[in-house]
Amino acid sequence: MFLLTRVKRSRSLLLFVVLSVMRPDLAPQTTQLPKHTSPTVKPPQIHFEDIARQAGLTALNVYGGDTHKEFIIETTGNGAIIFDYDNDGWSDIYLPNGSTIEGLPDNKAPTAHLYHNNHDGTFTDVTARAGLMHSGWGQGGCVGDFDNDGYLDLLVTYWGQNTLYRNNGDGTFTDVTAKAGLKTARDEWSTGCSFVDYDRDGKVDIFLVRYVDFSYDSVPRPGQGRWCQWKGINVMCGPRGLKPGVNALYHNNGDGTFSDVSQKSGIRNASACYGFTSLTEDFDHDGWPDIYVACDSTASLLYHNNHNGTFAEIGKKAGVAYNEDGSEQAGMGLAADDFTHSGFQDIVKTNFSDDTPTLYRNRGENNFDDVTYSAGLGKIKSWLGWGVQFYDFDNSGWPDLLIANGHVYPEVDGKALGTSYREPKAAYYNLRDGTFANITAEAGSALSESHSGRGMALGDLFNDGHQEALVSNMNEPPSLYYNTAPIENWMSLQLIGVKSNRAALGAVVTLEHGSDKHEKEVRSGDGYISQSDLRLHFGLGKSTRAEKIVIRWPSGLVETLSDLPANQYYVVREGGGVDKSKTRGPSSVHIERPNANAH
């Protein structure tokens, strides 16, 4: 979590020359301003309210100490998961939970929480009924249908042993971790995860990100080593000085079991990484899913799919291992979307304090440019970013950005260091010319309230055309951010694979209006060790119809839909087009603005 080397932008030219001579792989690419394809716009009214309490999301997150942290395990927090576990067409919520160093009796140990969507703007905690009462140092999670039975299964990561829950289709889950072959010989610290059909055989496999090889007796205490101080304060040790975890890939055998193929696939050939979030995406449009990993205090990794069951790590070559100055960063969260409507998905990565988030523009052919500063994201350096999403606040059709912040060291409070343990969110509006405007102060007081935020997931929880941002807060209940200001037109697509995996993970959808293209992908895992709604939500702006939609299914099938009316929820079956019997309009749920006492 330490930012190792922060090279000032004024030294970029000197650094470029030195790196070009000494290490060509580290030389940053020249950053060019994006071409202005649309006139700059002024941000409209955006007003967020935190409606978590009125929605019934009141469970307390428990994650280590709140005023002092003795060990690094107390700092990473939890992801947030949005998925429709019972196939009723309404997205539900799963919130992993943590523990304490001291531990708690079994009857008082915190557990994760599964919230069922009541279809009326509220949720009911059904954790016990669903069979998900599990305690321990939970981290994040992801969803996918590993047995192609039509119900989304849930993988939850832990420091310890991960848990794979098979969805029984009746509102309950069964722990099949051991039966599936996912138990490890010793405890591991897994963080992010993704279900991904890397070999395109129609069965989703599992990619696991690992952070640190950790145990209480294997690390020094605050102040006892080089990596146990920050700006003169004694703090918990790591990750520097600790042994990195090793990422893993498990192949789906098609019989309910998985085989560890980490070695033969080339995943283990990558450089050491203190890994957090994984992001799957066909970045180069070759038809095969690649995997990007945000790494803390080490170079981030891009595993390029070789089409033969193996991967090559190309992060440095592609320009996404470091920032534009060639510096390592402490990467946390990830999101991808086509923020310039170029037809390629770009990447945003959150980082440690004294640094900026990083915005990588995808130029195609595995070539990325760091456009952080030219896009207007380089001004705030005092906050420590975690969960992040490309989030179209008003359905303009142009993805904006929301970032959850929060420090890892409670000890910074009161030390006049220009930062704090609990921090506000940051909201950036897409100006449609390759730049963003910081609208945090104008977007409602809820975003400026301080929390130590971690995971973030997006979903249209109330089926009203609005997307909400669910954020996990350290040692507090979660936040649920809802934009109460007017929104424009939209459409939602749920894809169902037939020859492809049932959840259509890896399907790429391009919305076309004339020469304008906006690409999205059905993805397992993003934000910060989180999972967003698998339905693809497209803002349409003032357009009343989607002119053309091109779907590239993982099987290789390309399907085109035309002239779909706006403000509808569509279900698309591979090879069969829109299932008209499933098409529906928005619900009648009305979200009331909470009163001042609700905050």
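How many salt bridges does the rule find across the interface of domain 1 and domain 2? The rule finds four, a salt bridge being a side-chain nitrogen of Lys or Arg within 4 Å of a carboxyl oxygen of Asp or Glu. The structure is a predicted model, in which local features need pLDDT of at least 70 and side-chain atom pairs count only at pLDDT 80 or more, while totals for chains, interfaces and linings use all residues. Residues are numbered from 1 along each chain as its sequence is written, and side-chain values use heavy atoms, with hydrogens and water left out.

Along the principal axes, the C-alpha atoms fill a box of roughly 65 × 60 × 55 Å.

The protein is divided into domain 1 (65–491) and domain 2 (492–578), with bounds from an automatic or database domain assignment. Taken over C-alpha atoms, the centres of the two domains are 22 Å apart. Domain 1 brings 72 residues to the contact and domain 2 brings 48, where contact means heavy atoms within 4.5 Å. About 4400 Å² is buried between the domains, 47% of it from carbon and sulfur atoms; buried area is the accessible area (1.4 Å probe) that two parts lose on being put together, summed over both. Asn 489, Trp 490 and Met 491 supply 22% of the area that domain 1 buries against domain 2, more than any other three residues.

Turning to individual pairs, Arg 552 forms a salt bridge with Asp 282, and their closest N and O atoms lie 3.5 Å apart. In general, side chains of opposite charge can pair when their charged atoms come close. The salt-bridge count by this rule comes to 22. Glu 476 also forms a salt bridge, with Arg 422, the closest N and O atoms being 3.5 Å apart. This pair links distant parts of the chain, 54 residues apart: Glu 476 sits in the loop between strand 29 (468–473) and strand 30 (479–483), and Arg 422 in the loop between strand 25 (400–405) and strand 26 (426–430).

How values were computed:
Helix = DSSP H or I, 4+ residues; strand = E, 2+ residues; numbered from the N terminus.
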